Amino acid sequence: MSSSVLLSANDLTIGYADGSVQNILFENLSIDLRAGELVCFMGPNGIGKSTLIRTLAGLQPPLIPKGGKGSGDPRKISVVLTDRVSAVNMTVQEIVTYGRYPYLDWNIKLNSRDVTIIERAIELTHIQHLASKKLYELSDGQLQMAMIARALAQNTPIILLDEPTAHLDLNNRVEIMNLLRKLSRTEGKAILVATHELDLALQTADLVWLAGCDKKILTGIPEDLVLNGSFDELFQFKGFDLKTGKVFHENYRNVSVSLSGEGHEYLWTKNALERNGYQVSDKSDRIIAIEVEENQVRWTFRTQTFNSLQELIKQLPRSAS
C-alpha cells in the first residue's frame, strides 16, 4: 500500500524574474512528496535546487503555478535553509522554541503540549546536553542539529532542507542523514533534502530527484538511477565508477596478484593493492592469502607473513621485469 501524498505539484514552472524577463529553472514539473519517505534532490551547482526548495516552501512564488497541494503554511511545512543565524546569543533551547511560534497566540505563552514537543525535538536530535549553550558556542554540526530540532518542534508533516550537511565533517554528515532517514520512518514525515552528498544519498534515500540541464527532474530509487546510467550522464564522473563505487586505478606496475580471503578485509586489501598500481586477478600465480584470527589480520605472500598491508606492499614486485 502506497503512502499518502503530503505535497504535490503538477505542471509547475519555477525560476525568478529579472525585470520583465523570466529566468526559468524548471518547467512543467509533476512531483510528489509522500509520508514516510526521505527524498534527496540532487544536481549540478547552480541548477536551481535552492529555488525549488524555497518555492515548495512558499517562500517565493512559482513563475507558472498549476494544480498542487503544497502551501507556505508553517503548520504544514518546516524549512531548514543554509542562511546563517544572526541571533547567535540565543540558546539552543530558545532557537528550538521558535518552532512553536506558528501555534502561539498574541501572548506568546507556551502550554504543556508545546513544552513536550520542544523537549521531544531536542531528544530526537540528541542535543539535550547543548540546550543551555549559546549558538555561537556550537560547532557547525551541532548548530545544524539545533536547526533540525527547531523544524521538528514546528511539528509539520513536511520538512524541506537545503544542503543540511554542507561544510560538515563525515561523522556529522552521516549522523544527520541517518537521523533524517529515521525521522521519515518513525514520525511518518515527508522529508526533502537538497544535497551534494552522492554517497550518502545512495545509501539513505527512498527516492532521488535528479535535476538535469533540460529543466526537468527525473525521479527514481537510487539503485535504478545508478544502473540505468542517469547519474553518469548527469555528473559525467571523471575517474570514478559509480556502479562499483570505486575510483579508477591505473595498473601502472603491470603486475598482477591473486587474493585469497573474504569480507571487508578482502575489500580493503584489494583497494590498497589497486591504489598502489597492482592488478588483482584470479589468474595470477602471485597469491596473497588473508587470514583473520582473534580480530588480527595477517597477510601471507609466498613464505612470508605480514601484520600490515604497508609491510606487504613493500615486499611485492615493483614491476613486471
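Buried means under 20% relative accessible area, exposed means over 50%, and partly exposed lies in between, for a 1.4 Å probe and protein chains only. The model shown is predicted, so that local features need pLDDT of at least 70 and side-chain atom pairs count only at pLDDT 80 or more, while totals for chains, interfaces and linings use all residues. Residues are numbered from 1 along each chain as its sequence is written, and side-chain values use heavy atoms, with hydrogens and water left out.

**View A. Phe231, Phe235, Phe237 and Phe240 form one aromatic cluster.** Rings of Phe, Tyr and Trp (for Trp, its six-membered ring) pair if their centres lie within 6.5 Å, and planes under 30 degrees apart count as stacked, over 60 as edge-to-face and the rest as tilted. By this rule, a search of the whole structure finds 6 aromatic pairs. In one of them, the rings of Phe231 and Phe235 have centres 6.2 Å apart and planes at 15°, so this pair is stacked. Both residues belong to helix 8 (residues 230–235), where they are 4 residues apart, about one turn of the helix; helices (H or I, at least four residues) and strands (E, at least two) are DSSP runs, numbered from the N terminus. Phe235 and Phe237 are also stacked, because their ring centres are 5.7 Å apart and their planes at 25°. Phe231 is buried at a relative accessible area of 0%, whereas Phe235, at 27%, and Phe237, at 25%, count as partly exposed.

**View B. Strand 3 (residues 38–42) is mostly covered, with 5 of its 5 residues buried.** In a regular strand the side chains alternate between the two faces of the sheet. Here Leu38, Cys40 and Met42 point one way from strand 3, Val39 and Phe41 point the other way, and all are buried. Two strands pair if DSSP finds at least two bridges between them. Strand 3 runs parallel to strand 6 (residues 190–194), to which 4 bridges join it, and it also runs parallel to strand 7 (residues 207–211), again through 4 bridges. Phe41 has Ala194 as its bridge partner in strand 6 and Trp209 as its bridge partner in strand 7.

**View C. The sulfur atoms of Cys40 and Cys213 are 20 Å apart, too far for a bond.** A disulfide is a pair of cysteine sulfur atoms within 2.5 Å, and by this rule the count comes to 0 disulfides. Cys40 is buried, with a relative accessible area of 0%, whereas Cys213 is exposed, with a value of 69%.

**View D. An open sheet of 5 strands has the order 12-11-13-14-15, with mixed pairing.** Strand 12 (278–280) and strand 15 (304–306) stand at the edges with a single partner strand each, so one side of each is left without a neighbour in the sheet. Neighbouring strands of this sheet are turned by 30° against each other on average, direction ignored; axes are lines fitted to C-alpha atoms, for helices over the stretch in contact, and angles run from 0 to 180 degrees between N-to-C directions. Strand 13 (residues 287–293) and strand 14 (residues 296–301) run antiparallel and are joined by 6 bridges, and the partner of Glu293 in strand 14 is Gln296. Helix 9 (residues 263–275) lies across strand 11 (255–260), strand 12, strand 13 and strand 14, and runs at about 145° to strand 12, where contact means heavy atoms within 4.5 Å.
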